[in-house]
Amino acid sequence: MSRFLMTNRRAGKFSNSEKLKSRKALLETMDSSFISNVDKIIESKPKRDTARAVVYFEAEDEFINQKKDSIDRDVIIEPEIFHYNSSIRPAELVQLPRSSLSDDVNFGNTINFNLTIQGAGNPLYGCEVILHLRTGGINRSTSRVTNRNGRVRFTFSDSFSISTIVVVPAAGFWPMMFRGLRSGNIVECPPLPSAKSRCGWWHNHLGIQRFKKTRGRGIKVGVADTGVGPHAELVHVIDIGAFVDGLEQQAAGADIDVHGSHVCGTIGARPTSSDHFGGIAAGVRLFSTRVFQPASGANQGDIANAIDALSREHKVDLINLSLGASVGSQIIRDAIIDAAERGTLCVCAAANSNGAVEYPAAFPETLAISALGLEGWGPPGSIAAQRLPIELERFGQNNLYHANFSCFGPEINGTAPGVGIISTVPERLDLEVPYASMGGTSMATPAACAALAAVLAADQQYRALPRSDVRTEHAKLLFQQSCNDIGLHQQYQGYGMPQVP
C-alpha cells in the first residue's frame, strides 16, 4: 500500500459559498464508500469551515487509479510527495551517490581510520566528517561527528579506498574537502571571516554597502522550513509553531536542523556586533514555521497548511520556500495560488541537481531563484571555493558565476548569491551566537526574498494595494524591474539579480 493525501481545493474560490461547497465535497468523499476502502491515518481539522482540510490515508495504487476520475473535481488526491531542503548537504558536496552504510562496507578485514579536526589550533566539537569510499564501481559514504577532543573514528572494509573526506564544522569555520589524508592526521579548518559593517559579498552585490536595522520595515515575510533558533540575533522572529504530519503544533517551531535558522538569518538577523553578518532586510516582520521532521523531508500537506497559515492568518507579503521536489504537487500549487489571491507571493528555490528547475519553483505562480557564487570567495580547499562551473557560459560579470549545483531553465525568474553564505545557526554544542557557511539555492532564495522585501517596502503604490492577486502581480513586476542583468543567459539568471534601493 502507498500513502496518499486528499484535500479540498481553495484556489479560485472567492466567496464563502464556493469554499464551503469545496469543503463539503471533501467531507462527502470521506463519508462515501471510497473512504471505507482505504486506511485513514490522519485528518487535519481546521477551525474554519471554509479552510483547507487534509486527509492522510493508505491505499492500493490500483484502487486510487480506478476511482480518481469519479472523485469530485473540488477534491485533490495525490501520492505523498516529500520535499527536501535546497541546500548543499554534506553528502552532496562531492557529487557522489550516497547510500546508507551497508554490510558490504564491513565485510572481510576491517581497518580503523582516525582523524582529529581543529580550528585555530583548538579541537572542533560537533563537526560532521563524511568519508566517501570507493571500490570498483561502487561508491559509499558514511559520516561521524567529532567528540569534544575533535576526534572521530571510522571502521570499514579494507577492500574500500577513501576518495574524499568532507569536514563540516558546526559553526565558525569553513567546511572543507580533503584528499590523501592518512589515519591519525590532524586537519585544520580555517576560521570564517568577520563582517564589514555587518555585510558580506552577498549584501554588496545586492546593492547594500551598510546594514540598516530598518530595511524592509512594513513588509511581512514568512519562512516554512526546519524551524528557527534558538539564537540571540533571531529573538525577534515570530515562531508560529510547526505543521508536521497533518498536525499543527504551536510549541514545536524550534530548529530541528540548522537550515531554517540560516535562512531566517539571511533575511532578517539583527546582529549584536559590527563583525557579525546582518540580515538583508532586518526591518521586516519575520514569521517562521517548521514543516520538516528530523532527518526527513516535508510532505505537501504540511507545506500547504504552512502556506495557508502564513498567508491567511498572518497576512505575510512573501513566503520563502527553500525546498523542492522533482514531482509537482497540485496540493501545494493550489495553496500557492490561493495565497497569491490574498496578496502573498511565494519565492522558491530552483534546487541543486544542476538540472531542470524543481517544484514548487517550477510553478508559474512563484518566483524561481537560482544561485550565484563569487570567484575567489572561500579559502583553497573550502567547499565554497569548489562551486565554479566548467561551462564558460555560466560565468557572468563582476566575477559572479552560476553555481555548478544550481538548477536552471526557462522557469527561472531571478538569481541571487548562494555560495558560501554566512548566517545564523542554532545555539547548541556550547556555541554562543554561532554563524556558519552554507551554500545552495536554499541560501540564494532568502537573499532574493529579502531584497524584494526591501523593494516592496520602498514602493508606496504596492503598500497601498488591497490584499489580492493584483498586489501579488505588482510584487512580481517590482522584482523584475529591480533586477540587473549580470551577463548570463535567461535560463541561468532570469531577469537578473535584484538590487536593493
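Trainee: How do β8 and strand β11 pair, and over how many bridges?
Mentor: In this predicted model, β8 and strand β11 (residues 161-168) pair in the antiparallel sense over seven bridges, and within that pairing isoleucine 130 stands opposite valine 166 in β11.

Trainee: And what about β8 with strand β9?
Mentor: Strand β8 (residues 128-135) and strand β9 (residues 138-145) are also paired in the antiparallel sense, over eight bridges, with threonine 135 standing opposite isoleucine 138 in β9.

Trainee: What sits in the turn of that hairpin?
Mentor: There are two residues between β8 and β9, and glycine 136 in the turn has a positive phi of about 55 degrees.

Trainee: Switching to aromatics, how many pairs are there?
Mentor: The count comes to nine aromatic pairs. In one of them, tryptophan 174 and tryptophan 377 have ring centres 5.6 Å apart and planes at 75 degrees, so the pair is edge-to-face. Tryptophan 174 lies in the loop between β11 and β12 and tryptophan 377 in the loop between β22 and β23, so this pair ties together parts that are 203 residues apart in sequence.

Trainee: Are those two buried or exposed?
Mentor: Tryptophan 174 and tryptophan 377 are both buried, and they belong to one aromatic cluster whose members include Trp201, Trp202 and Phe277.

Trainee: Last one, at what angle do helix α8 and helix α10 pack?
Mentor: Helix α8 (residues 441-457) and helix α10 (residues 469-482) pack at about 105 degrees, with their axes 10 Å apart, and the two are therefore roughly perpendicular to each other. The residues of this contact divide into seven nonpolar, one polar and no charged.

Terms used
Residues are numbered from 1 along each chain as its sequence is written. This is a predicted model: local features need pLDDT of at least 70, side-chain atom pairs count only at pLDDT 80 or more; totals for chains, interfaces and linings use all residues. Side-chain values use heavy atoms; hydrogens and water are left out. Axes are lines fitted to C-alpha atoms, for helices over the stretch in contact, and angles run from 0 to 180 degrees between N-to-C directions. Helices (H or I, at least four residues) and strands (E, at least two) are DSSP runs, numbered from the N terminus. Angles under 35 degrees count as roughly parallel, over 145 as roughly antiparallel, 65 to 115 as roughly perpendicular and the rest as oblique. Ala, Val, Leu, Ile, Met, Phe, Trp, Tyr, Cys and Pro count as nonpolar, Asp, Glu, Lys and Arg as charged, and the others, Gly among them, as polar. Two strands pair if DSSP finds at least two bridges between them. Rings of Phe, Tyr and Trp (its six-membered ring) pair if their centres lie within 6.5 Å; planes under 30 degrees apart count as stacked, over 60 as edge-to-face and the rest as tilted. Buried means under 20% relative accessible area, exposed over 50%, partly exposed in between (1.4 Å probe, protein chains only).
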